[in-house]
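Please go through the sequence and the model shown below. The briefing that follows is arranged by topic.

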Amino acid sequence: MAKVLMKGNEAIGEAAIRAGCKNYFAYPITPQSEVAEYLAKRMPEVDGVFLQGESEVAVGYMIFGAAGAGERVMTTSSSPGISLMSEAISYIAAAQCPAVFVNIMRGGPGLGGILPSQGDYFQATKGGGHGDYRLLVLAPDGVQEAVEMTMKAFTLAEKYRGPVMILGDGLIGQMMEPVEFPDDLKTEPTNKDDWATSGMSTRKSNKRNLVRSLFLDPKELNDNNLALKAKYEQMKKEEVLYEGYNTDTDYSILIVSYGTMSRVCKTSIDMMKQEGIEVGLLRPKTLFPFPEKEIFKASTKESCKSVISIEMSMGQMVEDVERCVKGQRKVDFYGECGGDIPAPETIINIIKGLL
Amino acid sequence: MNIDIKGIVVICGNYGSGKTETAVNLAAARKKDGVDVKIADLDLVNPYFRTREVRVSLEKMGIDVVLPNKKYMHADLPILAPAVAGMIQKPSELTILDAGGDDAGVTVLAALYDHLSRKKVHMLQVINPFRPFTENVKGCIRIKEEIERSSKMKITGLVGNANLIDETIPDHIYKGYDFLKDVSKETGLKIEFITIVSHLIPQLEMDRFTCPVLKINRKLNPPWKRV
């Protein structure tokens, strides 16, 4: 298929359609409302449903209901909206139902602002909702990757029977880039018998299921948490994604950065290379599971003197970076979070200050 | 062929068709020709990549930029600066109104109807056939009708803005031009001009185009390209 020019938000909507998602529930919020606008037009064309909930709380439970019924389902929102959905996300994780959540982050806390931010790293990777659960979190750095990750999110959600999140800053949703769509996702979940409460015709057996997150028996609750834990351990083994940039050189500084921020870092790295300064970048593409071993290995390369986490936040991922580096190198941090994305020159000045 | 457009020009079109990039480049090109230019950002629907982001560089060129009050610069609120009505009443040689996308983006024009209806206005629909919903003539006509209904105004001309940003090649320009001719034939609307990113121009057979061409120097770039 030929390339088209799309906004990240539109492309995420189209990717959901191509992944066979026929259920999209959402509540508008800047900077991701274009997903709803796009799918309001597109869903009827594929006999799908877009329903605007009365709030994000309602949307969260619409997602839970559709997922429990065995349907492919997605919602999109931005930071404050995800906070409202977090209760439902916890319930969906406990009930082990597959669903895709997209957070196109804006500045916070509170209502914050409408400009790009990466301030929801903790919320996405460490909880958000209550209880012992994790979200599998994919972090695209552009429109093409947003498409690929959105489609992949549905298969991962089904593989692990749980909520998967696409975490992009506002620019990922708002910028336009040429994009090519992969072939439509043809697969159907093969494990529907384990959880779905309907769709007997598409299932192997007539096993009756109950969607629930209440386990009053201590052993039952412990077993459910152990089942979740086993899935998170499997994710750590099988789903880690990352990209190295200029890491085949004898770099003296290693940057760890993701999403839009990593693209600014790449420009800075290219510019410093022209001056003879080698800097490497490790970009986590999955934020949970986190590329732990890869960061340790890249940071302990002999030429590497120190590591810096560069984020559009006040310092969140840096805690995971420190954990991975295990004290073998000094770990610095640079971040801005008002909505102005740091310029390549700013990053260069920060890096030169570390040399 | 040079662009000689003057008067009040409203730039509209479907969401993401390239209205703002077209509007600010048109303002810059005409200013270079010695024309007095005013531009207003009427985009009330799009939160990022708006005319207001290039305010400083336009003002440096001597272009009068009308924007909402500075403290609301980053708000996603529908603010219409009172100065816009003033600039329609007393237009400069070229007055550009950069509207928002789709029918929702031009609703603001209906609020200015009293002022606009007394003037001759060029209402230009920007079309990029590589965007969703305008990849065929039918889609372009649907957007045209929706914009006309919502703005209470008639489209008077077409602007071809065929591009895939950095991945644009000559073939896209030729195909986009042929497509625009089809839209023009179907609607009876004149092709006012087409846009071509300046670095592609040496690679093109320019005599294939019988309409004026606006050279584009991209002004709305993501932060990693702002060096």
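Which residue is the bridge partner of A:Val100 in β7(A)? The partner is A:Val164. This is a predicted model, in which local features need pLDDT of at least 70 and side-chain atom pairs count only at pLDDT 80 or more, while totals for chains, interfaces and linings use all residues; side-chain values use heavy atoms, with hydrogens and water left out. Residues are numbered from 1 along each chain as its sequence is written, and chains are lettered from A and ligands numbered from 1 in the order in which they are written.

**The sheet of chain A**

- Seven strands of chain A form an open sheet with mixed pairing, in the order β3-β2-β4-β5-β7-β6-β12; strands are DSSP runs of E with at least two residues, helices are runs of H or I with at least four, both numbered from the N terminus, and two strands pair if DSSP finds at least two bridges between them.
- At the edges are β3 (49-52) and β12 (286-288) of chain A, each pairing on one side only.
- From one strand to the next, the twist averages 20 degrees; axes are lines fitted to C-alpha atoms, for helices over the stretch in contact, and angles run from 0 to 180 degrees between N-to-C directions.
- Strands β5 (residues 99-105) and β7 (residues 163-169) of chain A run parallel and are joined by seven bridges; A:Ala99 stands opposite A:Pro163 there.
- Strand β6 (residues 136-138) of chain A also pairs with β7(A) in the parallel sense, over three bridges, with A:Leu136 opposite A:Val164.
- β7(A) is largely enclosed by the rest of the structure, because seven of its seven residues are buried (under 20% relative accessible area; exposed is over 50% and partly exposed in between, with a 1.4 Å probe and protein chains only).
- On one side of β7(A) the buried residues are A:Pro163, A:Met165, A:Leu167 and A:Asp169, and on the other A:Val164, A:Ile166 and A:Gly168.
- Helix α4 (residues 79-95) of chain A lies across β4 (73-77), β5 and β7 of that chain, at about 160 degrees to β5(A).

**The sheet of chain B**

- Chain B has an open sheet of eight strands with parallel pairing, in the order β3-β2-β4-β1-β5-β6-β7-β8.
- Its edge strands are β3 (64-66) and β8 (213-216) of chain B.
- Strand β1 (residues 7-13) of chain B runs parallel to β5(B) and is joined to it by six bridges; B:Val9 stands opposite B:His122 in β5(B).

**B:Asn128**

- B:Asn128 lies in the loop between β5 (121-127) and α6 (137-151) of chain B.
- B:Asn128 counts as buried because its relative accessibility is 0%.
- A polar atom of the B:Asn128 side chain lies 3.0 Å from the backbone oxygen of B:Asn163.
- Beyond neighbours within four places in sequence, B:Asn128 has contacts (heavy atoms within 4.5 Å) that include A:Leu5 and B:Ser17.

**The interface**

- The contact between the chains takes 24 residues from chain B and 30 residues from chain A.
- Chains B and A bury about 2500 Å² between them, 66% of it on carbon and sulfur atoms; buried area is the accessible area (1.4 Å probe) that two parts lose on being put together, summed over both.
- B:Tyr48, B:Phe133 and B:Trp224 supply 31% of the area that chain B buries against chain A, more than any other three residues.
- Three salt bridges are counted between chain B and chain A (a side-chain nitrogen of Lys or Arg within 4 Å of a carboxyl oxygen of Asp or Glu).
- One salt bridge is formed by A:Lys41 and B:Asp102, whose closest N and O atoms are 3.6 Å apart.

Technical notes: Polar contact = N/O pair within 3.5 Å; in protein donor to acceptor, adjacent residues only side chain to side chain.
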